[in-house]
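Here is a short report on a two-chain model. Keep the viewer open while reading.

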Amino acid sequence: MLQFIVKRLLFMIPTLAVISIISYIIIELPPGDYVTTYINTLMEAGDIPDHVIENLRHQYGLNQPWYVRYWKWITRFVRGDMGYSLAWHQPVRDLIGARLLYSLLISFSALMFTWVVAFPIGIYSAVKQYSVGDYVFTFAGFLGLAIPNFLLALILMYLSYRYLDTGVGGLFSQEYTTAPWSFAKAIDLLKHLAIPMIVVGTAGTAGTIRVMRANLLDELQKPYVMTARAKGLQYWKLVLRYPVRLALNPFISTVGWVLPSLIAGETIVSVVLALPTAGPLFLQALLEEDMYLAGSFVMLAASLTVIGTLLSDILLAIIDPRIRYEGAT
Amino acid sequence: MDMSKSSSIDADSRTGLTLEEADDEVEEAYYLAPPLVLTWRKFRKHTLAVISAVALIILYLFVFFAEFFAPFSPHERYVEYAEAPPQRLRFFDSEGHFHWRPFVYGAEQQMDAKFRRTYETVENEMYAVRFFVHGAPYKLWGLFATDIHLFGAGEEAPLFLLGTDGHGRDLLSRLIFGTRLSLSIGLLGVALSFVLGIIIGGVSGYFGGIVDTIVQRLIEILRAFPSLPLWMALSAALPANWSIVRVYFFITLILSILGWTGMARVVRGKFLAVREEAFVKAARLSGASTAWIIRKHLVPSFMSHIIAVATLSVPAMIIGETTLSFLGVGLRSPAISWGVLLQDAQNIRAIIRLPWLLLPAVLVIIAVLAFNFVGDGLRDAADPYH
């Protein structure tokens, strides 16, 4: 087991390296260099001594080849210094930190929503294959797949305005935005979480239902199911105890594949619903060419995905010994 | 095979043979039919896929003949009809008389107490809708100058069947023109991913070993990337002063950067699987060269499957473009795509006041569903011997 984890950890290093290079390319993409713009802004505000400018140029490695600049950036990034946001006049780390937490909260609850909705439906569709319910769910699933996230957000926003008479933008009601944490504030947060959770989760639900249905159908045809039935085990008890558990395994292993789409979904839904998460901050940074902020976001989002994949791999190895032994040899 | 059964009845009634003879004949025809015919027969049985294919053909007719289908020019502003709701096409006038030619009433703009535009129907102005009318002149594909439109009711008539936007531009015309960019970007992007995927996946699957390992690792890493943030970052970096065409091609390129990975995986998997098949071994033993085997045996054997996978990956491209444009980092006005149109429906106040601005969404959903169903149908039909 330890060997498996170490192997997976070592494998992460090249992945993270490639991700960091792509992120740095994004930072350097816009024409003109960022530090010059920054120095110009400082100059406008008033005279600054030459040695400060020189210091800044040195610090960011201007006048040096790109790989030196990249190295300076990544070594600082690893130590937690993600650069400075020109637009916000704040270190990127302070800006992103709290918002990323909300992003993770939404993504995680969306994943839970997907599973809670999709697993029972998938099981039902497999057990009652070709029933009316099966067709209805398949169609609904297709529809969920076809509606882009931001559209679903717009539509739900419109509906809840029309029929529930509540505003759905933001993560907190006005009176709680700046209030210190309390039980009431947490409840308020949960209320506002519902729509983003449903929107982000729906996109994945359709696919999950289909995979769950296919997995379970495969399992249900296996001889052990027939044996158990022949021995007189109650049908539902049997289904839930053995085939369902086996059919669930692939989901644990594919959490890593779901994470990128969750992060992507969360980004856009947050923009539409104006949630105080990392997504809108990222879009704004891109539009204002605030590249350290934008690059850090890409880097963090991708790294989190990789870490999530690692965790799901380890989880699967714990659950399914076959993987463990295969990975160790 | 239930297909041969259903067609055996046709064969019987046609030739007057006994059922058994007809059966034999059909069976023979079945075994002798080329794969394409079999694929088509199987695809045809998938009703939903056929309906979807028809829908896609209509949408692509819009792509090629947008100028002809759109009743107005997409950039023309009819200020006196700004923010007009969808017009009702009528057959009965206010007195209950039936008109065999559909018509629209005139509309007059008014301001309500909150300075919002409202429209009053003017019942003494009637505009009959005709087919193949002369309208705004255009040059189809830059070649044929004409002014014929599929339908219209004259220059002055407020024939805004889907309403107008805040500048008084006809939403239906803009939707038809938006189809051009949105749907071609999907196809072009997939074509690009297709080529990249076949080359890279083929190399990876054929050579194996260290090349295969490196390519597979690269694909894994790219797939771990959250697509949308990467797309957003790359397309936001496109200079604002670029021409529409240039931005369009780069957006396509950006969408394909991650798109080829899925294709490459499928191609590699198929290569590995088919390489071991008996017919490939037979070809090799008869002295066929590697290039010949790849071209004549390997690629045709899984081409249909790859085409199905390609069809299924078009929707992601369409949604990608729409999303990017919607966020303001993709195509920008004056370019017209579904995403650009949806930008007008970005905030809740606009949607509540002008709900018809959400209509481009309907087309997005139809196109995505249609590609999914056609892809499903193709995937089932791809292996006609199954």
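## Val298(A) and its contacts

Leaving out residues up to four places away in sequence, Val298(A) touches Ser23(A), Ile26(A), Pro229(B), Leu230(B) and Ala233(B). Contact means that two C-beta atoms, placed from the backbone, lie within 7 Å.

The model is predicted: local features need pLDDT of at least 70, side-chain atom pairs count only at pLDDT 80 or more, and totals for chains, interfaces and linings use all residues. Residues are numbered from 1 along each chain as its sequence is written, while chains are lettered from A and ligands numbered from 1 in the order in which they are written.

## The largest nonpolar core

Val298(A) is also among the residues of the largest nonpolar core that touch the most other members. Domain 1 (2-78) and domain 2 (92-328) of chain A both contribute, so the core lies between them. Those bounds come from an automatic or database domain assignment.

A nonpolar core is a set of buried Ala, Val, Leu, Ile, Met, Phe, Trp, Tyr and Cys residues joined through C-beta atoms within 7 Å. Buried means 20 or more other C-beta atoms within 10 Å of a residue's own; exposed means 12 or fewer, and partly exposed is in between.

## Where chain B meets chain A

On chain B, 31 residues are in contact with 36 residues of chain A. Helices H6 (209-224), H7 (227-236), H10 (290-327), H12 (348-353) and H13 (359-382) of chain B each give two or more residues to this side. H7(B) gives the largest share, seven residues. Helices are DSSP runs (H or I, at least four residues), numbered from the N terminus.

By class, this side of chain B has 25 nonpolar, five polar and one charged residues. Asp, Glu, Lys and Arg count as charged; Ala, Val, Leu, Ile, Met, Phe, Trp, Tyr, Cys and Pro as nonpolar; the others, Gly among them, as polar.

## A kinked helix

Helix H4 (residues 47-69) of chain B spans only 27 Å between its end C-alpha atoms. A straight helix of 23 residues would span 33 Å at 1.5 Å a residue. H4(B) has a kink of about 65 degrees, centred on Val63(B). Buried residues in H4(B) include Ala49(B), Ser52(B) and Phe69(B).

Most residues other than glycine have a negative phi. Tyr130(A) has a positive phi of about 65 degrees. Tyr130(A) sits in the loop between helix H5 (92-127) and helix H6 (132-146) of chain A. Tyr130(A) counts as exposed because it has 9 C-beta neighbours inside 10 Å.

Notes: Expected span 1.5 Å × (residues − 1). Bend = angle between axes of the 7 residues up to and from the residue.
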